[in-house]
Amino acid sequence: MNTKPQILFLSHGGGPMPLLGDVGHKEMIDCLQKISSILRKPSAILVVSAHWEEKIPTITSGANPSLIYDYYGFPEKSYSITYPCQGEPSLAEQTYKRLEHSGISAKLDEQRGFDHGLFIPLKIMYPEADIPCIQLSLVDNLSPAAHIGIGRAIQDLEYENLLIIGSGFSFHNMKAFFSSETSESKTLNESFEAWLLETCTNSSITEEEREQRFIQWEKAPGARYCHPREEHLLPLHVCYGIANSVCTKSFELKILNKKSSMYIWS
């Protein structure tokens with residue numbers, strides 16, 4: 001029985017744009033398709049989405065979750081995208097129990113659907129929608145240490161062939177995506193990405209040092225330029241909390257002309 005999960009942090013792009021033929025997302029689509037060919041096809045997927053925050057960690061527990069089109073101002077067809085995967089209540093219940101057992105108050109939500117942090121990348125990676133999924137929220141205090149702790153609490157989930165995805169974005173400055181790039185903005189983007197790549201891939205860094213880098217991420221060069229608000233980075237903290245190790249594979253790419261990255265622990 002293979003109960004050690006595969007773990008992936010992915011950069012999920014701008015709303016539904018990856019599915020609308022946007023050329024700025026071609027590298028992202030290619031990267032996600034490559035990743036899905038590298039990973040073992042999972043039996044279930046747990047997604048930590050940047051687009052869901054609650055007071056305490058909350059887990060979708062419905063058997064047939066609907067989709068939440070949590071984006072605005074896109075073509076009408078963006079609101080009829082389908083991804084009819086099933087929920088996985090037993091995995092949700094176990095996730096809830098692991099959090100509670102670790103002293104982290106949590107709750108189950110049978111009514112909430114799946115937001116685009118789940119269905120956009122998964123429609124690219126697993127278009128058949130034949131893998132049951134659950135979502136786990138962020139906590140709205142946005143504490144780096146708390147999100148590492150959430151990851152630690154669920155690192156021993158007993159579920160055969162589970163894939164855990166942190167669905168965020170290694171660069172998430174919305175204004176910068178649609179502004180003219182300057183040499184300064186390019187430097188800030190590239191400096192933060194270099195720091196992030198070093199943090200995730202350098203095997204000579206001890207795990208104590210790596211954890212402190214994640215907790216003190218604001219000290220990284222370009223940190224607050226790349227993440228004016230950190231909700232798109234924190235799914236990576238959950239992934240690290242689960243893995244507690246250097247990543248096994250990294251991917252560098254451009255999304256909307258900004259340097260971005262994705263990471264696998266397997």
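**Entry 1: aromatic pairs.** I noted that the model is predicted. I looked up how many aromatic pairs there are, and the structure holds ten. I picked out Phe 192 and Trp 195, whose ring centres lie 5.6 Å apart with planes at 25 degrees. Planes under 30 degrees apart count as stacked, so I wrote this pair down as stacked.

**Entry 2: where that pair sits.** I found Phe 192 and Trp 195 in helix α6, which spans residues 183-201. They are three residues apart there, so about one helical turn separates them. Are they buried or exposed? Buried means under 20% relative accessible area. Phe 192 has 0% relative accessibility, so I logged it as buried. Trp 195 has 13%, so Trp 195 is buried as well.

**Entry 3: a cluster and a charge.** I looked for rings that group together. Tyr 69, Tyr 71, Phe 74, Tyr 79 and Phe 119 make up one aromatic cluster. Then I checked Trp 52. The charged end of Arg 112 sits over its ring, 4.0 Å from the centre.

**Entry 4: His 172.** Where is His 172 found? I located it in the loop between β6 (162-168) and α5 (174-177). Its relative accessibility is 13%, so His 172 counts as buried. Which side chain does the His 172 side chain meet in a polar contact? It is that of His 232, at 3.4 Å. I also listed what His 172 touches, leaving out residues up to four places away in sequence. Among them are Phe 177, Cys 226, Pro 228 and Glu 231. His 232 is on that list too.

Methods: Residues numbered from 1 in each chain as written. Predicted model: local features only at pLDDT ≥ 70, side-chain atom pairs only at ≥ 80, totals over all residues. Heavy atoms only, no water. Phe/Tyr/Trp six-rings, centres within 6.5 Å; stacked < 30°, edge-to-face > 60°. Helix = DSSP H or I, 4+ residues; strand = E, 2+ residues; numbered from the N terminus. Buried < 20%, exposed > 50% of the residue type's maximum accessible area, 1.4 Å probe, protein only. Lys NZ or Arg CZ within 6 Å of the ring centre and 35° of its normal. Polar contact = N/O pair within 3.5 Å; in protein donor to acceptor, adjacent residues only side chain to side chain. Contact = heavy atoms within 4.5 Å.
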